[in-house]
Every structure is written in C-alpha cells, then in structure tokens.
Amino acid sequence: MSSSNLIQDIINGLLLGGLYALIAIGYTMVYGILRLINFAHGDILMWGVYFALYAVVALSMPWWIAFVIGIALAGLLGFTVEKVAYKPLRSAPRISSLITAIGMSFFLESLAVVVWGGIPKSFNIYPKFFNRTLIFGHVRIQMLTFFILGVTFILLLAVLWLLYRTNTGTAMRAIATDIPTTSLMGANVNNIISLTFIIGSMLAATSGIMWAMRYPQVQPYMGFVPGMKAFIAAVIGGIGSVPGALVGGFLLGMTEIIVVGLFPNLAGYRDAFAYVILIVLLMFRPTGIFRVYSEQKV
Amino acid sequence: MKRISFKLNFVLTTLFVIGTGFFLLWVSNSFGGYWPRIITLMGIYGIMAVSYTLVNGVTGIFSLGHAGFIAIGAYTAALLTLPIQQKAMSFFIEPLIWPLNSIQMGFLPATIIGGLVAAFAAFLVGYPSLRVTGDYFAIATFGFAEIIRIVIQNSYNITNGSLGLKSIPPYTTIWWAWGWLLVTVIVIGSLKFSSYGRALRAMSEDTVAARAMGIDVFKHQLISFVVSGFFAGIGGALYAHWLTTIDPRPTSLGIMLTFFVLIMIVIGGLGSISGAVLGAIFFAFFAQWLRIVESPMNFFGINIPGIPGMSMLIFAIIFILIMLFRRKGIMGKDELSWQYIYNYFSKKAGDQD
C-alpha cells in the first residue's frame, strides 16, 4: 500500500467516521438519559433525508432550504416519537421500552415504504459543484469531502459547547446522572428529554443528508445499518459519553476503510467489522473507552 | 375453584391434538390454492415463535439473533437435500466444496442435522454473549446474527453467496410443519414446567435472588439458548423447503425475520408457549389477508390503487399499540390449558350471578 493510498484511505475514513459520530451522538445522549437504545434513530435519519429530497422534488425549493427543512422536520419527528412511544413507558421495565423502540423502527420503515415507495431513489438534488474533484498528486478529494468534514466539525464543536458551556447542557448531563435530584434542582426533565431527542434527531438527519450526498441513493431501509453501526460506535466510545461517541465514530470509520485498504479481499466482510469489534469489546471492556457507567452485572 | 385432574387433562389434550389433525387433513384435502400453504406457514412460524419465546419470554433474556439460527438451519438442511445435479448447476461462481457436493439425503435427517448445527451455533454465540446482560445481550446477539448473514453472503463455495440457493425440493407439507410444531411445543412445554423451567422463571424475575438460591444462572441460560437455537434451526429447515429459494438478504433471512417472530411473540404474550402459537397463526393469517389491501381493488366503481407495504405498516401499528396499552399480549405469561379455559368460564359465570 503506497503512502498516497494511505492518505486517501485516511481521508475517506475521517469522512465516514464523522458521519458515524454525528449519528452516534444522538444514541449516546438518549442512552445516557433514559438507558434506552433508540432503534428508531436510524429511521428518523432516513425520514429526514426523504423530507429534504421531497422539498426539492415536489416543492422545488433551493437545495439548502430543503436541507434545513429536512433537518428541522427530523427533529420534530424525533420529538413526536419520544412523546408517543417512549414517554408512556418510562417507568415500565427496560426491556419493554427496548421492544417498543424496535417496533417504532419497524413502524417508521413500513410507513416510509407506504409513503415514499420501496424503490430506491437517486439523491441528486445538490449542486454539481460538490462533485468537483481536487487532485493533490495521487490523492483525489471531492469538494463534498471538505463540505462534509467542515459541517461535521462545526456541529461537533456546537454540541460540545452546548453540553459543557450552557445551563441546558449542564441540566442534560445532570439528568444523565440522576433524574429525581435534577428535577428537584429546578430543571424541567420532560423538556430536557424532548430537547435531547430533537438535537439527536437533527444531528442524525444532517448526517443522513450528507450520507445521501456521498452515497447518492435513498431508500426506506437506508437508516438501519448506519444506525446500528453508530450505536456500536457509541458503545466503543463508552455509551453515555459524547466525546466517547466522537472517538468511537472516527475509530469505527477509520477501521472499516483502512482494514479494507490493507486487505482488499475482506471487502465483502466490511459490514461485519463493526459487530466483531462490538463483541470483542463487550467481552473485555463493556464500558467502552471512556468509562462512563459501570454496567451493573446483575 | 376445581382443579382439572391429570387424567382428564391428558384425555382432553389428546382429543384436541387428534381434532387438530383431522382439521388439518380436511384443510389439505378440500381447500385448493394457497390456504394449505398458509397453514403450513403457520406451523413453521409457530416453531420459530415458540423457540424464540423460550429465550425472550421464559428465560427473560432479550435476544435479537433468532434469524441467524433460522438461517443456519435453512442453509444446512437445504444443502443436504438439494439434488446433486442441481448443486452442480447452481454453484457456477465457485463449485461447492467436497463433502457437500456429493451428499443428498432425506428430509427428516436433513432437518435434524439443520437443527443440530443451529444448536451448535447457538452454543458458540451464547457462550460469550451471555456474559453481558440486558440491552448489551440484545445488541451482541444481533451482531452475531449479522455476522452469520454476512459470512453466508460471502462464502460462495458453501452457500452460493448472495445468489442464494434455488430449486430446493418443496418437501415441507402441513404434516411436517405441524408435526414438528407438536414436538417443539411438547419439548419446550415440558422444559417450562420442569424444575429447570421453574429455575428459568425465577431467574427472569430476579437474577440475584435466583443465584442466591443456588441456581447456576449462566448454565441455565445457555441451555435454554441452545434448545431455542435447535428449534430455530428446525424451523429454518422447514422454512427453506417451504420457500424453495433462500438468499442472505436482510429482508429474507435477516433482521426482518427476527422482527416478524418478535411481533408474533409480543402479540401472543412474551413467555407463553400457546400465546406464541396463537401469535404465529395470527401473523401468518393476517399477513396473507392484508395482501388484499396491497392489491388494487374496485370498490363500488371506484378504483383504489394497491398500497404496497401496507400490511407491514398495520402490523407495526398493532405491535406498538400492544406495547403501549396491553403489554402482556393475548396470553401474558399464562398457558392456554384446560384449567385456564375452565377458570375463565367459571369466573365469567360467577360474574353473572
């Protein structure tokens, strides 16, 4: 493997990792607060992409307004899902909320098949400018790559700022530790949980739209596998920890690209890497890199 | 409240089984078209659901890997029953490896071997996965099922990769499906009501207390997982010979199938064997019936176009409504025994007084 290939792989790995990280933040924040694996997260992402696509195709909006609308509607969808399906089960056994989350994922996918149709659609609503390729020696980089990396970087900084430099962020982190005490301190728990879902869903939709720009195909099941992998990224980093989700996302993206770069005949198994990493990790260090919760063994 | 004696229970159950047998005989002889096929599918789904509910309901651990074991059973049995010439024709990318390309055996041994291989896979998956609990176990088993699917997708010299297996002989009849369902219900039912089953239920209520009573939690969970894997493999073998074409797409033998079986056992009530069978019958029946919604129809002169995917949407809505408003499904953890029916009606009669 030559050095230019390696650089190319690192850039692609960063790109994929950034997309995973944006999705993983939503998982990790929700799990941190509710101890719930929000299986529907990836499907909210898919809905955001469809909203953006149809804002252009059906309402002929400019692409950037459509992106904003798609992201905003995904936030609204995340809010609704939490209110309808998760809030009534907050005091139920955890396994019930997990099953409901799976049901919600299945519901959003089936609804997408009915509403948008099951046939994959091409996502070609962004300007051709993004497809222009810059060539540095042997390394070829699309403008899209800079765009995605830039957006990812800005959003990650924004989330960290929100969590560690604002009152709302403090309340979110406090709720993740202890819900009853935090509500005694005057934080409105329901609002904070809703806000968590909205932010998580909007980040996921942003990632989904950029995912669709990179791999320009949209279909109702597109969110499931990225969602599962982002969840694994969150587990790698230590679920509940936002910096952990970032590290996990980039680590997973890099691993997928670089292992295939080193061993091209493993390309068919690329989707299995994440699960192998997950299983090995669960055996030896279930709390992830950033030890947040020591998962109780009982 | 009167207890129904063991003798009466036994006689009634035998009569019920014989009655069901005659009903199936009547269906398979007098109905044409797809109904015998759907009733066969009910039996197959029943096997998958009962084996799934042993893990997810009775044992109280939440696995998402059921489709992995079903896929292993399906592929193993199909590779053993496929005619040798058919194998030579199908495997045109890479030839099938040695012992498999010269074997052809009957349906019964192939099914049993399918179950055994799936049980062995369940042991290999369960041994490491059962070290973690709760959601992590769900994700780990899901991960293993995906790994199984991806390995199947890439092993061109064993499973024909993404092309899948075609022209599997259609051996699965109503009798095979419902016969195996009977075996499944008897085995898992006697497990549930043995001392072993009591240990499982104790663990699902409170793991720490169960451990304090001297129950080896890990061993019990592993046995239940392996037994569940065995019957999932049997279900998969029957399913392959019902479908006659199998491939490793996520929508055929992947996470989608796990979702379907999960819907069945949630409808029936997590932990109830008879509930699982009822859920499977309900699912197979309505999945067929709802096809009407998906096909275009003429309603009083108005043409309504078919809505593809509508049936799955309706199942998803039922599923969520059950989780929100009736979490115990049809049966809860109870069984549809004669005692249950007797109590139900005597309570009804008591209410009227």
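# Exercises on a predicted two-chain model

A:Gly103 touches B:Ala316, B:Phe319, B:Ile320 and B:Met323, leaving aside residues up to four places away in sequence. The model is predicted.

**Exercise 1. Describe the contact between the chains: which element of chain A gives the most residues to the side that touches chain B?**

Solution. 
- Step 1: Count both sides. Chain A has 33 residues in contact with 36 residues of chain B.
- Step 2: List the elements. On the side of chain A, helix H4 (94-116) and helix H11 (270-284) each give two or more residues.
- Step 3: H4(A) gives the most, with 15 residues.
- Step 4: Sort by class. The side of chain A that touches chain B has 23 nonpolar, six polar and four charged residues.

**Exercise 2. How do the axes of helix H1 and helix H9 of chain A cross?**

Solution. 
- Step 1: Locate the helices. H1 covers residues 3-34 and H9 covers residues 224-237.
- Step 2: Read the geometry. Their axes come within 8 Å and cross at roughly 70°.
- Step 3: Name the arrangement. Angles of 65 to 115 degrees count as roughly perpendicular. So H1(A) is roughly perpendicular to H9(A).
- Step 4: Find the residues. H1(A) brings A:Tyr20, A:Ala21, A:Ile23, A:Ala24, A:Tyr27 and A:Thr28. Those from H9(A) include A:Pro226, A:Gly227, A:Lys229 and A:Phe231.
- Step 5: Sort by class. This contact has 10 nonpolar, two polar and one charged residues.

**Exercise 3. Compare A:Arg35 and B:Thr244: where does each lie?**

Solution. 
- Step 1: Check phi. A:Arg35 is not a glycine, but its phi is positive, about 55°. B:Thr244 also is a residue other than glycine, with a positive phi near 70°.
- Step 2: A:Arg35 is in the loop between H1 and helix H2 (41-57) of chain A. B:Thr244 is in the loop between helix H12 (217-243) and helix H13 (250-253) of chain B.
- Step 3: Count neighbours. A:Arg35 has 17 C-beta neighbours inside 10 Å, so it counts as partly exposed. B:Thr244 has 15 and therefore counts as partly exposed.

**Exercise 4. What is the mean pLDDT of chain A, and where is the pLDDT below 50?**

Solution. 
- Step 1: Read chain A. The mean pLDDT is 87, and 97% of its residues reach 70 or more.
- Step 2: In chain A the pLDDT is below 50 over residues 294-298. Beyond near neighbours in sequence, this stretch has seven contacts in the model.
- Step 3: Draw the lesson. Where pLDDT is low, predicted coordinates should not be read in detail.
- Step 4: Read chain B. It averages 87, and 95% of the residues score at least 70.
- Step 5: Read the complex. The predictor gives an ipTM of 0.87 and a pTM of 0.90.

Terms used:
Residues numbered from 1 in each chain as written. Chains lettered and ligands numbered in written order. Predicted model: local features only at pLDDT ≥ 70, side-chain atom pairs only at ≥ 80, totals over all residues. pLDDT = per-residue confidence, 0-100. Contact = placed C-beta atoms within 7 Å. Axes fitted to C-alpha atoms, helices over the stretch in contact; angles between N-to-C directions. Helix = DSSP H or I, 4+ residues; strand = E, 2+ residues; numbered from the N terminus. Parallel < 35°, antiparallel > 145°, perpendicular 65-115°, else oblique. Nonpolar A, V, L, I, M, F, W, Y, C, P; charged D, E, K, R; others polar. Buried ≥ 20, exposed ≤ 12 C-beta atoms within 10 Å, placed from the backbone.
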